[in-house]
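Dear colleague,

Please find the sequence and the structure below.

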Amino acid sequence: MVKRTKALFMAAAVSVLLTSGCQNKDQSGSSGTKIYYTAIESGDYYEGWANQLKEQAEANGSSFDAGYAENSVETQVAQVKGALKEGTDVFLCGLVSPDIAVEIKAAAGDVPVVFINNAPPEGQLAKDKYIYVASDEFMAGQYQAEYILEKFAAKDEINVVILKGPKDASGTIGRTEGLKQTLGASGKKINYVFEDNANWNEDIAKELTGMFLKTGRQADCVAANNDDMAIGAVSAFEEAGINTEPVLFLGVDASAGGCEAIAGGRMDFTVFQPMSAQIETAVKAAANLAEGKGTREMEGASEDGKYILLPFEKVDINNVAEYQ
């Protein structure tokens with residue numbers, strides 16, 4: 001976690017929090033590019049991002065501050081405005097909602113923004129000013145579908161359960177579309193026997209899957225937008241006493257838990273999201289934009305200068321050891 005300065009600086013920190021909405025703020029003291037990251041919320045996942053972003057920024061000679069918006073639009077806008085007043089050169093932003101990209105850009109003034117974690121609408125991006133660094137979410141769903149079709153090559157009809165992330169999240173939309181479009185193009189009859197938003201959460205996924213199982217409908221596979229939800233689905237099947245052997249369980253992220261579940265035979269497939277590469281790329285892109293440089297020469301950069309997309313990788317029992 002990005003730690004807050006204590007003792008003699010506590011009063012100053014409290015003052016900044018009250019005026020700008022910035023939380024868990026830390027300055028490295030570097031004389032290079034000044035980067036501010038406003039994260040969607042606190043918790044292990046986004047604090048993990050902040051830790052690695054800070055480490056990468058400081059390794060590149062930049063200073064780094066971070067705040068957690070706790071899913072509040074008002075807080076996120078206040079964080080950006082506060083950081084702008086403090087002389088931030090470039091923003092890294094995990095949007096609380098894609099719908100507020102306009103407000104974030106307005107709050108940032110003329111300072112460039114590198115969006116991460118959640119994609120804004122394409123129309124809100126601009127070459128070398130407002131860009132998005134991630135992986136192609138559609139590809140993650142496509143890879144899931146390809147695995148399903150490979151394993152069920154002999155079946156003409158497939159019953160699919162989909163567990164999705166938050167309703168408006170770019171990962172939810174892209175991964176689900178990639179799955180459905182690829183399955184739909186197969187020529188097989190695809191029955192979506194259950195579909196709901198479990199919000200990246202293992203416990204919610206377990207509860208929703210348990211509700212589905214009570215209907216008595218059959219599922220050939222459970223395709224979840226992330227590993228935690230896939231693991232929750234497995235647990236629901238196990239607690240209901242239903243044999244999981246003929247059912248495929250698929251996730252995304254190749255998290256430690258997901259890889260462990262694959263190695264242990266509880267999950268079948270996941271998609272590795274190159275988070276470290278995304279972080280390194282996001283920091284480099286931020287420095288480039290702050291210095292007035294473009295991103296065209298960077299790996300994964302799109303021709304229009306709006307995106308930098310790094311490839312996902314397929315993970316199953318055959319190569320999971322490489323990701324643990």
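Which residue in strand 7 is the bridge partner of Val161? The bridge partner of Val161 in strand 7 is Phe194. Before I go further, two remarks on the source are needed. Residues are numbered from 1 along each chain as its sequence is written, and side-chain values use heavy atoms, with hydrogens and water left out. This is a predicted model, in which local features need pLDDT of at least 70 and side-chain atom pairs count only at pLDDT 80 or more, while totals for chains, interfaces and linings use all residues.

**Strand 6 and its neighbours**

Helices (H or I, at least four residues) and strands (E, at least two) are DSSP runs, numbered from the N terminus. Two strands pair if DSSP finds at least two bridges between them. Strand 6 and strand 7 (residues 189-197) pair in the parallel sense, over eight bridges. Between these two strands the chain passes through helix 6 (residues 170-184), and this β-α-β crossover is right-handed; that is, with the strands pointing away from the viewer, the path from the first strand over the helix to the second runs clockwise.

Strand 6 also pairs in the parallel sense with strand 8 (residues 221-224), over four bridges. In strand 8, Cys221 is the bridge partner of Val160. Seven of the eight residues of strand 6 (residues 157-164) are buried, so this strand is largely enclosed by the rest of the structure. Buried means under 20% relative accessible area, exposed over 50%, and partly exposed in between (1.4 Å probe, protein chains only).

**Salt bridges**

A salt bridge is a side-chain nitrogen of Lys or Arg within 4 Å of a carboxyl oxygen of Asp or Glu. The whole structure holds twelve salt bridges. One of them joins Glu157 and Lys189 (4.0 Å, N to O). This pair links strand 6, where Glu157 lies, to strand 7, where Lys189 lies, 32 residues apart. Glu157 is partly exposed, at a relative accessible area of 39%.

Another salt bridge joins Lys314 and Glu146 (2.9 Å, N to O). Lys314 is in strand 12 (residues 313-315) and Glu146 is in helix 5, 168 residues apart. Glu146 counts as partly exposed, at 27% relative accessibility.

On a 1 Å grid over the protein atoms alone, a pocket is an open set of points where a 1.4 Å probe fits, with protein on both sides within 12 Å along at least five of seven lines; lining residues have an atom within 4 Å of a point. Grid points are joined across faces, edges and corners, and a volume is the space filled by probe spheres set on the points.

The largest pocket has a volume of about 870 Å³. Its lining has 34 residues, and Tyr45, Tyr46, Trp200, Asn226 and Asp253 lie nearest its centre.

The second largest pocket has a volume of about 280 Å³. It is lined by 15 residues, with Ala119, Tyr132, Glu137, Ser170 and Gly174 nearest its centre. Helix 6 gives the most to this lining, with four residues.

Yours sincerely
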